[in-house]
Amino acid sequence: MQVGNKSYRVQADIPEVVPVFPLSGALLLPGAQLPLNIFEPRYLAMFDDAMSSNRLIGVIQPALTEGEARNGPVQDLCSVGCLGRITSFSETGDGRYVITLGGVCRFRVGGELEKGRKPYRVCRISPFLGDLESDDDGAEVDRKALLDSFKAYLEANDLEADWNSVERASTQTLVNSLSMMSPYGPAEKQALLEADNLRVRAETLIAITEIALARDSDDYARVLQ
């Protein structure tokens with residue numbers, strides 16, 4: 001996996017301990033990019049420390065259910081997140097950073113380090129090594145079904161898209177971009193993150209979209225009555 005100027009190929013390229021940024025509804029996927037607006041003092045400190053070391057930050061959602069919180073290795077976090085490398089940043093002049101994270105690989109949380117002198121949280125992680133070596137180009141993805149569901153969602157919500165750019169995008173870019181841009185909730189975003197491969201992620205996104213369209217339709221309302 002090439003992210004910015006750094007290549008990540010084997011487990012030794014991934015640190016065992018990383019700072020984590022809990023963010024509900026956020027989705028970062030390997031090979032994709034996530035813009036962030038950093039303004040809380042603890043996360044400004046995390047960013048400064050990351051920039052002075054390996055530029056890596058773990059993006060993870062808060063636990064989705066009480067059951068997950070009780071059973072997970074870290075009670076108030078989801079068990080799977082995605083490691084990102086800071087590939088660009090700018091200072092706003094009013095104390096904020098605007099940064100872009102490039103997705104490196106997913107990881108499973110192993111536990112949280114006791115809080116020391118750092119104001120932010122730090123976790124032990126186990127990387128999904130397949131994300132580093134995967135050459136999944138989306139050949140097994142039903143691209144037509146994905147585009148049909150995307151088009152139906154746009155039409156139902158009176159939205160438009162740059163279809164020339166959509167058609168030119170690789171299947172991998174299309175699946176990951178639509179997953180990250182989708183307006184769905186934390187549970188759906190976590191399901192997209194944890195999908196086994198690109199085909200499963202595309203199928204999951206199609207299913208979520210179809211459910212959302214059905215829920216908003218008149219037919220769905222009549223069924224409920």
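This is a predicted model: local features need pLDDT of at least 70, side-chain atom pairs count only at pLDDT 80 or more; totals for chains, interfaces and linings use all residues.

Visitor: Is strand β7 (residues 97-112) largely enclosed or largely open, and how many of its residues are buried?
Guide: A residue counts as buried when its relative accessible area is under 20%. Strand β7 is largely enclosed by the rest of the structure, because the number of its 16 residues that are buried is 12.

Visitor: Which residue in β7 is the bridge partner of proline 35?
Guide: Strand β4 (residues 33-38) runs antiparallel to β7, and 6 bridges join the two. Within that context, the partner of proline 35 in β7 is threonine 100.

Visitor: How many residues lie between β6 and β7 in their hairpin?
Guide: β6 and β7 run antiparallel and are joined by 11 bridges, with valine 80 paired to arginine 108 in β7. In the turn of the hairpin they form, glycine 93 has a positive phi of about 95 degrees. The number of residues between the two strands is 5.

Visitor: Which residue of β8 is the bridge partner of glutamate 112?
Guide: Strand β8 (residues 121-127) also runs antiparallel to β7, to which 5 bridges join it. The partner of glutamate 112 in β8 is cysteine 123.

Visitor: What is the volume of the largest cavity?
Guide: The structure holds 1 cavity of 30 Å³ or more. The volume of the largest cavity is about 50 Å³.

Visitor: Which element gives the most to the lining of the largest cavity?
Guide: The lining includes Val59, Ile60, Val80, Gly81, Cys82, Gln190 and Leu193. At least two lining residues come from each of β5 (56-60), β6 (80-91) and α7 (186-194). With 3 residues, the element that gives the most is β6.

Visitor: How many residues of that lining are charged?
Guide: Among the residues that line the largest cavity are Ala26, Leu27, Leu28 and Gln61. The lining divides into 8 nonpolar and 3 polar residues, while the count of charged ones is none.

Visitor: What is phi of arginine 55, and where is its place?
Guide: Most residues other than glycine have a negative phi. Arginine 55, by contrast, has a positive value, near 65 degrees, and its place is in the loop between α1 (41-51) and β5.

Visitor: What is the relative accessible area of arginine 55?
Guide: Partly exposed covers the range between the cut-off for buried, under 20%, and that for exposed, over 50%. Arginine 55 is therefore partly exposed, since its relative accessible area is 30%.

Conventions: Residues are numbered from 1 along each chain as its sequence is written. Side-chain values use heavy atoms; hydrogens and water are left out. On a 1 Å grid over the protein atoms alone, a cavity is a set of points where a 1.4 Å probe fits but cannot get out, and a pocket is an open set with protein on both sides within 12 Å along at least five of seven lines; lining residues have an atom within 4 Å of a point. Grid points are joined across faces, edges and corners, and a volume is the space filled by probe spheres set on the points. Helices (H or I, at least four residues) and strands (E, at least two) are DSSP runs, numbered from the N terminus. Ala, Val, Leu, Ile, Met, Phe, Trp, Tyr, Cys and Pro count as nonpolar, Asp, Glu, Lys and Arg as charged, and the others, Gly among them, as polar. Buried means under 20% relative accessible area, exposed over 50%, partly exposed in between (1.4 Å probe, protein chains only). Two strands pair if DSSP finds at least two bridges between them.
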